[in-house]
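Good morning, colleagues. I shall speak about salt bridges in the structure on the next slide.

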Amino acid sequence: MSGEQPGPAEEHWQAPGGAPAPEPQYGEYAPGSVSPPPPPPQAPYAPPYGPQYGQYGYGQQPGWTPPPKPGLVPLRPLSFGTLIGAPFQVLRRNPKVTVGAALLIQGVPQAVVSLLILGGVSVLFGRVGTASSADQGALQAGAVGAAILLGLVSLVVSAVSTSLLQGIVVNEVARETLGEKLTLGSLWRLTKSRIGALIGWTLLLSLALGVGFGILAIIAVLLFAAGGPMIVVGVAFSILAGLGGVVVAVWLNTKLALVPSAIVLERLGIGASMTRSWRLTAGYFWKTLGVILLIAVIVYAVTQIITTPIALIGGMVSVLVNPTGLGASSTDSSVTQVFLSELGINVITTVVTAVIGAVMAVVQSSAVALIYIDLRMRKEGLDLHLIRFVEARQAGATGLPDPYQPAERPAAATAYPGT
């Protein structure tokens, strides 16, 4: 109704001068109304407690830190790539010890023995060729006996030198893992008390393999000697026995590959070390075999790359010395020249092969030692013991127990040699 006066509410919405007040917008309060109390003041924004994503490096999870790497490898279970690459780093990290030990302990003795065998066999069988028909039988028997004797001497020298080098390399890898770099004299003092067990193990393994393949060879010879249809049986037996023998030898060598490491680092006897190696490789047979085979293939390839050119050069030298070859009309001087040239090339090849083989033996022994450390990390938590040892050593502690000794063994109380 036009005569009615505006009510209190309507009067409240009128602007001064009688003009109607504008409508309030969404979220606003009408003019003159009671406003709500202001919100309480908020504390400034604080980030959540703890390290944030990426705070310690791009892409890292909160609170994660990589395992320590005081030396050769990180103190955690090792990947397949680390097991393949780290053995070659052993040569680079301490070449005076590793290469020096390889040449001094294995390279030089192997080269000397190989040269003695090569020279002795050449002289003995050379006399057989120049002797009369009446004396050839006796000289040939003597040459064969001397060759067998030289072969046994070579086997013993190889066993001793291999055992010495294995002990030195195992201790070197164990100390490099803890960030230590010892001299050859220090490594020898750590290893010398275990040399007897290492030599015994090497000879035992060689004897077992030799006896096993010898028995198979004798059976094959007897089958061939029977003649007739047994020859076919002998051929089939030789093939199957040869393949089976190789499989068994590879299997035993893989299961017992960690024996030298247990002998040196845990100071066990041969029997206890065999049991130890057998248990550690349980469940990791194929990984252990894969690392050993791949390292062996790499070592063989490196050796062939170095020795093959020498052999080719030797063949070229022989052709240049006597391009027409040896025939019925060849003079003694030409025969002597060819013999000396071939002997010289064989000597050079033998020495180079021995030296390269010794250096590559360091790589193979290092790979086996790293497999031993890796399996103990996976099965026994050795990485935690090594981390605690490194932390205590950095804090200045002395007289620490040897971290490679199992905690349940009384010998674990023995102080670590490096502290």
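With which residue does Glu 176 form a salt bridge? The partner is Arg 93, and their closest N and O atoms are 2.9 Å apart. By salt bridge I mean a side-chain nitrogen of Lys or Arg within 4 Å of a carboxyl oxygen of Asp or Glu. Because Glu 176 lies in helix H4 and Arg 93 in helix H2 (residues 80–93), this pair ties together parts 83 residues apart in sequence. Helices here are DSSP runs of H or I, at least four residues, numbered from the N terminus.

Please note that this is a predicted model: local features need pLDDT of at least 70, side-chain atom pairs count only at pLDDT 80 or more, and totals for chains, interfaces and linings use all residues. Residues are numbered from 1 along each chain as its sequence is written, and side-chain values use heavy atoms, with hydrogens and water left out.

Glu 176 is buried, at 2% relative accessible area, whereas Arg 93 is partly exposed at 26%. Buried means under 20% relative accessible area, exposed over 50%, and partly exposed in between, with a 1.4 Å probe and protein chains only.

A second pair is Glu 380 with Arg 276, whose closest N and O atoms are 2.6 Å apart. Glu 380 lies in helix H11 and Arg 276 in helix H9 (residues 270–280), so parts 104 residues apart in sequence are tied together. Here Arg 276 is buried at 15%, and Glu 380 is partly exposed at 32%. Shared partners join Glu 266, Arg 276, Arg 376 and Glu 380 into one network.

Across the whole structure, the search finds eight salt bridges.

Technical notes: Helix = DSSP H or I, 4+ residues; strand = E, 2+ residues; numbered from the N terminus.
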